[in-house]
Amino acid sequence: MITFPCCKINLGLNVVSKREDGYHNLETIFYPVLLCDALEIKTMDEDFPSPTNCDIKVTGNSLSNCDEKDNLVVKAYNLLAKDYNLPRIHIHLYKRIPSQAGLGGGSADAAYMITLLNKRFHLGLNDKDMIHYATKIGADCAFFIKAETAFATGIGNELSPLSRGISSLEGYYLTLVKPDIAVSTAEAYANIKPQQPKKCCRDIISQSIDTWKDELKNDFEASVFTHHPELKAIKEKLYKEGALYAQMSGSGSTIFAIFGRKPKEIEEKFEGSFVYTCRL
């Protein structure tokens, strides 16, 4: 059985306070994007000589400094296997979503693994059950159980449907630019100064997209751009190319841009970077 984990961007991201447990409270809009990995599972023959119950092969985009047995899809399998009698399986994970990019690729793979195991082996889990398991793996994993646009608070794990709809992006074009730069979560948080925004991103995204450039912010940009000015330059270049709105996604190194029409020859203009464009 196969599924296709999508990625996400953050439409606005505000770090509003530091928690007693050392984490930070956020306000952000998770928006799904149809750049997908491919995740396939097959039951393992009883005679297959595997030292683990979950044999994994990862192809496509390489994952830096990641032992395959530590992949989040394996963690998802092991988490469910504690409560359910799962058979031994083979996993093939084909990666298109770049890592350390602020796109949630690893979290998406883990969440989709939970839904795939639930469907394939008839575990009987509902959305609430699967969200419970996903939250144990990562802060933004819960979003990918349903992968529907949502307002996220807490550490990114508390999801609310939008009481007011997002300003319609239908017919617009989205471009992702991910240079060969990795920004870790720890690095992004190192110089962050939590503060409550003047206006919540949930309210801003219901306005015309023409207002987003001046009002919709990602609080990580200030500190990350200081250490990686190349990312700031990409954002500025996307605006020069005609973007209506551009921003860093999450705490990673992807800059996304929304265009009113399909940008021409955009891949050539960011040679050396991973570039993806789709219609919304």
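Two strands pair if DSSP finds at least two bridges between them. Helices (H or I, at least four residues) and strands (E, at least two) are themselves DSSP runs, numbered from the N terminus. Before we use these terms, note that this is a predicted model, in which local features need pLDDT of at least 70 and side-chain atom pairs count only at pLDDT 80 or more, while totals for chains, interfaces and linings use all residues. Residues are numbered from 1 along each chain as its sequence is written, and side-chain values use heavy atoms, with hydrogens and water left out.

Let's start with the sheet. Its 4 strands are arranged as β10-β11-β9-β12, open and with antiparallel pairing. Ignoring direction, neighbouring strands are turned by 15 degrees against each other on average. Strand β9 (residues 173-178) runs antiparallel to β12 and is joined to β12 by 6 bridges; L174, for example, has C278 in β12 as its bridge partner.

Now look across the sheet. Helix α9 (residues 229-240) lies across β9, β10 and β11 (255-259), at about 5 degrees to β11. Angles here run from 0 to 180 degrees between N-to-C directions, and axes are lines fitted to C-alpha atoms, for helices over the stretch in contact. Contact means heavy atoms within 4.5 Å.

Finally, visit a helix pair. Helix α1 (residues 72-81) packs against helix α2 (residues 105-120) at an angle of about 35 degrees, and their axes are 8 Å apart. Among the residues that meet are L72 and Y77 in α1, and M113 and L117 in α2.
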